[in-house]
Amino acid sequence: QVRLVESGGGLVQPGGSLRLSCAASGSIFRIGTMGWYRQAPGKQRELVALITTGISTNYADSVKGRFTISRDNAKNTVYLQMNSLKPEDTAVYYCNCNARRSWDTIDYSYWGQGTQVSVSS
């Protein structure tokens, strides 16, 4: 199994910053695209940012210019630097990756347990 563990969530005032981390562990042969999603109360889960193995990135329009996704392949870790946070960024943030174990013939999608980000004064 591939396990994803997120950290770095919390309560921050509007305009503040947080950095989320997500480390993958387990019988990993390779990790492909990694990303962050979020789900606010009463809303569907939505894409926040993706980063490919080639370090190409994609962002939701609502976070462009404020959030930055990065990855450390040696540590199997993906990060999300969140600046200029707004109350509407409040949500549970989930890490996702496509990964393959040594005996897999295709990639499978894995999710973390989520970390709460709350933006409020």
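Modeller: Let's start with Arg 30, which is partly exposed, at a relative accessible area of 32%. For that label, buried means under 20% relative accessible area, exposed means over 50%, and partly exposed is in between, using a 1.4 Å probe and protein chains only. Before going on: this is a predicted model, where local features need pLDDT of at least 70 and side-chain atom pairs count only at pLDDT 80 or more, while totals for chains, interfaces and linings use all residues. Residues are numbered from 1 along each chain as its sequence is written, and side-chain values use heavy atoms, with hydrogens and water left out.

Back to Arg 30: its side chain forms a salt bridge with Asp 107, 2.8 Å from N to O. Asp 107 sits in the loop between strand S9 (91-101) and strand S10 (108-111), and Arg 30 in strand S4 (residues 28-39), so the pair ties together parts that are 77 residues apart in sequence. Strands here are DSSP runs (E, at least two residues), numbered from the N terminus. Asp 107 is partly exposed too, at 28% relative accessibility.

A salt bridge, by the way, needs a side-chain nitrogen of Lys or Arg within 4 Å of a carboxyl oxygen of Asp or Glu. That rule gives seven salt bridges. One of them joins Lys 64 and Asp 61 at 3.1 Å, N to O, and Asp 61 is exposed at 65% relative accessibility. Another links Asp 104 with Arg 101 at 2.9 Å, N to O. Here both partners are buried: Asp 104 has a relative accessible area of 11% and Arg 101 has 16%. Then there's a network, in which salt bridges with shared partners join Arg 38, Glu 46, Arg 66 and Asp 89.

Now for one without a partner. Glu 6, in strand S1 (residues 2-7), is buried but has no salt bridge; the nearest side chain of opposite charge, Arg 45, is 7.7 Å away. (Lys and Arg count as positive, Asp and Glu as negative; His and the chain ends aren't counted.) What does lie by its side chain is backbone: a polar atom of the Glu 6 side chain is 2.7 Å from the backbone nitrogen of Cys 95, and one is 2.8 Å from the backbone nitrogen of Gly 114. Leaving aside neighbours within four places in sequence, Glu 6 is in contact (heavy atoms within 4.5 Å) with residues including Trp 36, Tyr 93, Tyr 94, Cys 95 and Gly 114.

How values were computed:
Helices (H or I, at least four residues) and strands (E, at least two) are DSSP runs, numbered from the N terminus. A polar contact is a pair of N or O atoms within 3.5 Å; within protein, one must be able to donate a hydrogen and the other to accept it, and residues adjacent in sequence count only if both atoms are side-chain atoms.
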